[in-house]
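Here are my notes on the model you sent. They are set out as numbered points.

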Amino acid sequence: MMNQEKLKAWIDSGTPWIWLNATAVSICLIMVVGVLGLVAIRGTSHFWPGKVMQMVYKNDDNSAPKTLIGEHIDTSLMSVAMAKANGHVMAENEDKLVQFLMKTGNRDLTGSDFGWILERNSKNITYPKELVVIERREWGNFYGNLLSLKENGNVIAEGDALWNKVNEKLTTSLAIFEEIKKLEKKEIGAVNYSLERLRLQEKSLQLKNQLTADKEKEISAEREILNTEYKKFQAQLTELYQKGRTISVVAKIDNGSELEIPLSKIVRIYQPNSMSVIDDIGFYFTKFSEFLTDDPRESNTEGGIFPAIFGTIMMVIMMSIIVTPFGVIAAVYLKEYAKQGVITRTIRIAVNNLAGVPSIVYGVFGLGFFVYILGGNIDQLFFPEAAPAPVFGTPGLLWASITLALLTLPVVIVSTEEGLSRIPKSIREGSLALGATKFETLWQTILPMASPSMMTGLILAVARAAGEVAPLMLVGVVKLAPTLPLDGNFPFLHLDRKFMHLGFHIYDVGFQSPNVEAARPLVYATSLLLVAVILVLNLSAIIIRNRLREKYRALEG
Amino acid sequence: MENSSSLYQQWRLVKDSIARYGVIAGGMGVIIAVVMIFFYLLYVVFPLFLPASVEHKVSFNLPEKDAGKTVLLDMEEQNELAARFTDQGKIVFFKISTGEVISTESIKLPEGTRVTSFSQGSPTKDGIEVYGLSDGKAVLLKHKFDVTYNQNQRVISPSLSYPMGEEPIELDASGAKINAITAQIGATITTVVAEAGTAIKLISFEKEESLFADEASVNKTESLIDIPAGGVNKLLLDKDGSYLYVVTNNGSLLFYDINDKSSPILKHTEKVVEDTHKITSVSFLNGDLSLLIGDSSGVVTQWTKVRDKDSNLVLKKIRSFTVSKKPVIEIKSEQRRKGFMTLDGEGNLGVFHSTSEKELIKEHVSQELVKSALSPRANGVLLQSADDKVVFWTIDNEHPEVSFKTLWQEVWYESYDKPDYIWQSSASNNDFEPKYSLIPLVFGTLKAAFYAMLVAMPLALMSAVYSAYFMAPAMRQYVKPTIEIMGALPTVILGFLAGLWLAPFVEENLAGIFCFMLLVPLSVLLFSLLWEFLPAEIVKKVPEGWDSALIIPVILLSGWIALSSSLTIEDWFFNGSLREWIKINLGLGYDQRNSMIVGIAMGFAVIPTIYTIAEDAVFSVPKHLTVGSLALGATAWQTMIKIVLLTASPGIFSAVMIGLGRAVGETMIVLMATGNTPVMDLSVFQGMRTLAANIAVEMPESEVDSTHYRILFLSALVLFAFTFIFNTFAEIIRQRLREKYSSL
């Protein structure tokens, strides 16, 4: 009786509601921590070498049992009814169906990297030490056993000596590959670039009717030099390719068929089951640094994401250079020069609200106005020789940066203005009273004092720009850019080039790639990197802001 | 010394004013640039709503007047040359700018024969003309305008060719005159339909490439169709030569399936005009999926073939246009769009568009018009009047397919059995009818926003209330930035997780998820009840305001229980699969990437926005109000509901508005977490396509300044205006609130 009254009082007091409200906070916290944790765990585990299992697998039909080699990726449970509906035969005593997702690799031989298998049909699971995983430049991973090493078709190593020999030869082969890459990208790339510039120069002279015989001779002489250079590099390249092709490993996959893989197609060979924890850690860091510094392979699903990191940074720097002065000037105008009243208030509200305008709208504006109108006109005026190929009349780094600068402008304006309004009036008046002009007051007292808030604004702008994808899809991002926007060819910074971007990389690889399953770990790793960058930026903005607040509190006090 | 000092002083002042004007110019510039976004969008959208116009260019006398009466006028793409086909089998090519005759060709008319019928096949697909003669024979010919460039000068030269040979081919062995004829030429099959003597003859010539012989042999198939009651007025073959339409003199339309050339099947007969009226002109609409029929009362009706209930092909009238009060003399269809042009008995030129049902142009040209040609680009028209004058008008008609109706109302599209809202902007073929209804997209946008708000609103507002009012300051100090950091997470990552992790996870554990939603509040209430009745010593160990930390394990535990019992629940209550159960019992299909996923993911993105603003509003409710309430004996919750929430309600309202604005414009999450199909379906298990995602998907492929491009800009403008208005509204409310607080 007593308890019932107490219960009624408890309900009437509204305490259950408070608890439910508390639940909402907890759920939000769990969601944030959960998402961050999910990305962190999946992102970091990508580089850890998974152990490779070997098993005897027997299909439900009466086919003979076969050996299966692969990495266990995922497990899924299915209810009995579902399993039956999907055509699996279920025994009386089974209450669920357990399936494993196995990465079996060898896409060139079997057609797919991944496959679902039934747990109940897998027997004798072992982890043989001699199993190798070969990371290839094409066709994904190879899983199986090494048989021999061949040079020009003759076996040069077998048995116990094989593993060391393979590693030794692979080191040379990788060195050759590096050399080829350098030749192709740097040397030949530079020659090609010069040739293209020469062609444009010629065409431009032609358009202006200034192509005299002298000039023509000059150009063709220059072209001759470049062509010889090109031939020289080409010869070197052919030689290197031939050298790389001579050695190959012979390996056997689980169904017994043999495969010869040229060393030039191999990135890495390892025996995951014989690696110690220290080896694993070493492997982890090699993979991680490859991820940060290498180019993508296999339509972005393997290898590194360096061009995307580089593109993101370039874009963000360009954007900062544009947005900071304009944002600060606009804020200074609004706060210091404009007459305060209805108009400034309206402008302030408008600027504030621009931050809430969907980013895709900025993308549409950027594409229509910057790319087609501005870019198109720039092309007509300054690059008639490149027609019909557009130079600036197509999405590119410059337009992406300007579009994002426009997008983040409100952030900088609002933040700077807030900083300006925090500066006590006494400081301004003191400076003016001492005879300084308004500009001197601004330049020497107010702006330095407001600089941390500008910094905060800039950091927030950078964080927003780094994570923004939708507008970039319209104004300059591509899935694979052959060249970086910054290189050794004059004029070094190529604002007209398209670039790769971390956020777009995630979208593209996760949703547009033909082999999503294989790409997924890489997408998690990329996400982790992006999240980490953005969290660090945001946290530093918050810290700067808090410090600033305390500083002014002291001033006011 | 003094001099330099005063110079310095002057320099200081100069610098000051330079800075002043610099800053003013810069500041104004930035603000103008920002305003320009709106005006630029408007500027691109504006031409959609401009009316079409015609302009008179030249007029001249009919070229080669003696070559006979005109049976067909035709123009080439550049509006430079035209051809006039006459009833004497002559073809006159002339310049449009002057009327100067370039050449006159003539078909081979055997002695003593004359032309008795003529028709033109689909102009878009290897146009073909056919002359039916009085001796049961026919001549098929094609005319072409070849464009060559001679020193950057465009030269257009006309030519004629005879696909079936220059000699007339025999269609009727008895030699009866051909009263009506039509032909269509395909890659291997040429089909000719002619009314001669006592029947309609359907004759097809199939070229068979032989491996051994150099010359291809021609296979002729012939079949007969009875002449319908009332007699044949006109015969029409669609561009593939698979359907035949016979127009009779008494106003009926017969529709044959002639895919099998040896046995034509009559699919449908329909009286298409009233008894008192007569059919005066007939034409296919571009694409040959529907027919335009003009009658003597000046009305043009559009008939398209659709499948009826028993999936038989039948003809259905989908719309009509009142062109004038006099008979419609000629209908000419555009070759790239679904527009058409009419000549009426009062000498008016009319330009219409079928999908948008708009009358774009009505212009009086002369007393009586006879024949006309519409340029392939639909930017010029050549008109021959009864007094043997020819006039050339240019047409400026860029975006006829857009009207209020096409964007916002149900439209009856070709081959559809009823009017519908459809967004389908492009297809691979040229004669596709673009479907620009924004309704499915707006619907999708609102649906996504609705589900997102359904998730975000309770969570964010309840969190805000709790952390602003009940939470211990020590905990709030960490909780607030943590939730705010949520807002900084790139949406592309949320979208990726939603699409590739959450969607499969939810699909696999559907029952568990629903169970979780039920279990969490229950278990929390149970726990709080237990807590209440726990001995005071234990309760006191947890400082006040740390409840939410206390609940975390409870939630995690109930989540774990819910998810791990997912399979069992499905087995016990839903025959093993909740998805199947929903499909069978509720009739809802299950998309893996559905509204629920979008709701959760976008809710996640919107929570911090709502939370921050609402929390600020609640937190800054003046303390004396709450303290007063508590002192009067109200409980904390009563104070919250009756005092704090009421005072802060404008702030909370504006928080919700800003959150809604964000949900409406969010792109990446919906792009990645839904299937992006523009369906109109309220089901929580189906996806959608939003305005923003649609722009992201279609913008890169849309042609600059095309109607599609401008409509995408229009949807961007809609988004811009929508969010801008919402945000401004919310901002004004917030400012009011701030003033109110400061006065309290």
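**Notes on chain B**

1. The axes of α13(B) and helix α16 (residues 707-743) of chain B approach within 9 Å and cross at roughly 165°. That makes α13(B) roughly antiparallel to α16(B), a label for angles over 145 degrees, where under 35 is roughly parallel, 65 to 115 roughly perpendicular and the rest oblique. Axes are lines fitted to C-alpha atoms, for helices over the stretch in contact, with angles from 0 to 180 degrees between N-to-C directions. The crossing of the two helices is left-handed, meaning that the near helix is turned anticlockwise from the far one by less than a right angle (clockwise would be right-handed).

2. This is a predicted model, in which local features need pLDDT of at least 70, side-chain atom pairs count only at pLDDT 80 or more, and totals for chains, interfaces and linings use all residues. Residues are numbered from 1 along each chain as its sequence is written, while chains are lettered from A and ligands numbered from 1 in the order in which they are written.

3. Where is the kink in α13(B)? A kink of about 60° lies at B:Ser649, shortly before the proline B:Pro650; the bend is the angle between axes fitted to the seven residues ending at a residue and the seven starting there.

4. Helices (H or I, at least four residues) and strands (E, at least two) are DSSP runs numbered from the N terminus, and two strands pair if DSSP finds at least two bridges between them. One open sheet of chain B has the order β15-β16-β17-β18 with antiparallel pairing. Its edge strands are β15 (232-237) and β18 (265-271), and the twist averages 20° from one strand to the next. Five bridges join β15(B) to β16(B), with B:Leu235 opposite B:Val246.

5. Another antiparallel open sheet of four strands runs β19-β20-β21-β22 in chain B. Here β19 (279-284) and β22 (313-322) are the edges, each pairing on one side only, and the twist averages 25° from one strand to the next.

6. Strands β25 (residues 348-353) and β26 (residues 358-364) of chain B pair in the antiparallel sense over six bridges. They form a hairpin with four residues between them, and B:Glu357 in the turn has a positive phi of about 55°.
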